Amino acid sequence: MAELQEVPITEEKPLLPGQTPEAAKTHSVETPYGSVTFTVYGTPKPKRPAILTYHDVGLNYKSCFQPLFQFGDMQEIIQNFVRVHVDAPGMEEGAPVFPVGYQYPSLDQLADMIPCILQYLNFSSIIGVGVGAGAYILSRYALTHPDTVEGLVLVNIDPNAKGWMDWAAHKLTGLTSSIPEMILGHLFSQEELSGNSELIQKYRNIVMHAPNLDNIELYWNSYNNRRDLNLERGGDITFRCPVMLVVGDQAPHEDAVVECNSKLDPTQTSFLKMADSGGQPQLTQPGKLTEAFKYFLQGMGYMASSCMTRLSRSRTASLTSAASIDGNRSRSRTLSQGSESGTLPSGPPGHTMEVSC
Ligand code: BEZ
């Protein structure tokens, strides 16, 4: 008998008929560290921050964020915000390969380019959404420019510099694996890679056949040479805004995100560990991430419950009442999303809440 194979299910809920993607405008600005390209969707909304995204290594803003931002339920969120999607230098579509010897910016310097973008657009504040290296860059930016960051959604954040053990492992892997293989191992779990789903085939193809692979290697090197963010619970180096940490369970960066959560202020941090999402929850579970993002924005006072779908409203009401049982919003909330349907969130705050979608 043929062996049964586990088939990862990717949520698909594209734009409805009549829903057209908004026009995008791509700009480049010069910064002290070279030029940076970004694409703006939507129009600025008075008294609202822009949503600013930063993608991971091996991807660009489209391959990293399109499935999330074009997800059907996301439209009710993004119609209320202008979006700025940054491409790391040399990652924009059609980017020429940098000349040999080009000094690619460090992740800290990439973060230092963000003020130039905001100044050019005349935007004063953002909600940052970053994945992997992009999450690190937005974290660094938030630490150095706290007054301009209203919230952070950090997927697969690793706030630590590589230690000597990590370097040894990295060097060993480098002896047997190519750069694209190492990057794929950073983006996806080994289980996903060996499962070789359609999504993996698509992203393997994107990374393996990237015309700007030399540029990607430079971004990869900057990521691997990142400094420690030195976050410390109760210390001076901390975020001054609400943060939502997101990671897939059994994803390559699970331990790093768990450790990051332990270093952050629990009154400001929500931790979402997603089941069945692999290494890139924004690609595989855009529906769950959209719903969590709605709760996050609602907590910041941006999504009135009247803006939300009936299903989301009932779930949010349940979450809100659970969170106020003891009138204590001072502990971190862990949202552990399962894969079964129909269960409403339950349980007191400061404990694991099961939010099954
Ligand atoms: C957006 O609407 O923000 C968006 C659309 C396409 C790709 C990425 C983002």
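Q: Is Asn156 buried or exposed?
A: Let's start with the cut-offs: buried means under 20% relative accessible area, exposed over 50%, and partly exposed in between (1.4 Å probe, protein chains only). Asn156 has a relative accessible area of 1%, so this residue is buried.

Q: What sort of model is this?
A: Residues are numbered from 1 along each chain as its sequence is written, and side-chain values use heavy atoms, with hydrogens and water left out. Local features need pLDDT of at least 70, side-chain atom pairs count only at pLDDT 80 or more, and totals for chains, interfaces and linings use all residues, as the model is predicted.

Q: Where does Asn156 sit?
A: Asn156 isn't a glycine, yet its phi is positive, at about 55 degrees. Helices (H or I, at least four residues) and strands (E, at least two) are DSSP runs, numbered from the N terminus. In those terms, Asn156 is in the loop between strand 6 (149-155) and helix 6 (164-176).

Q: Is Lys47 buried or exposed?
A: Lys47 also isn't a glycine and has a positive phi, of about 60 degrees. Its place is the loop between strand 2 (34-41) and strand 3 (50-54). With a relative accessibility of 83%, Lys47 is exposed.

Q: How many helices and strands does the protein chain have?
A: Buried residues make up 53% of the chain's 357 residues. Counting its secondary structure gives 14 helices and ten strands.

Q: Which residues does Phe239 contact, leaving aside neighbours within four places in sequence?
A: Contact means heavy atoms within 4.5 Å. By that rule, Phe239 is in contact with Ser139, Ala142, Leu143, Leu152, Leu154, Leu231, Leu264 and Gln268.

Q: At roughly what angle do the axes of helix 7 and helix 10 cross?
A: Axes are lines fitted to C-alpha atoms, for helices over the stretch in contact, and angles run from 0 to 180 degrees between N-to-C directions. The axes of helix 7 (residues 179-187) and helix 10 (residues 213-224) come within 11 Å and cross at roughly 50 degrees.
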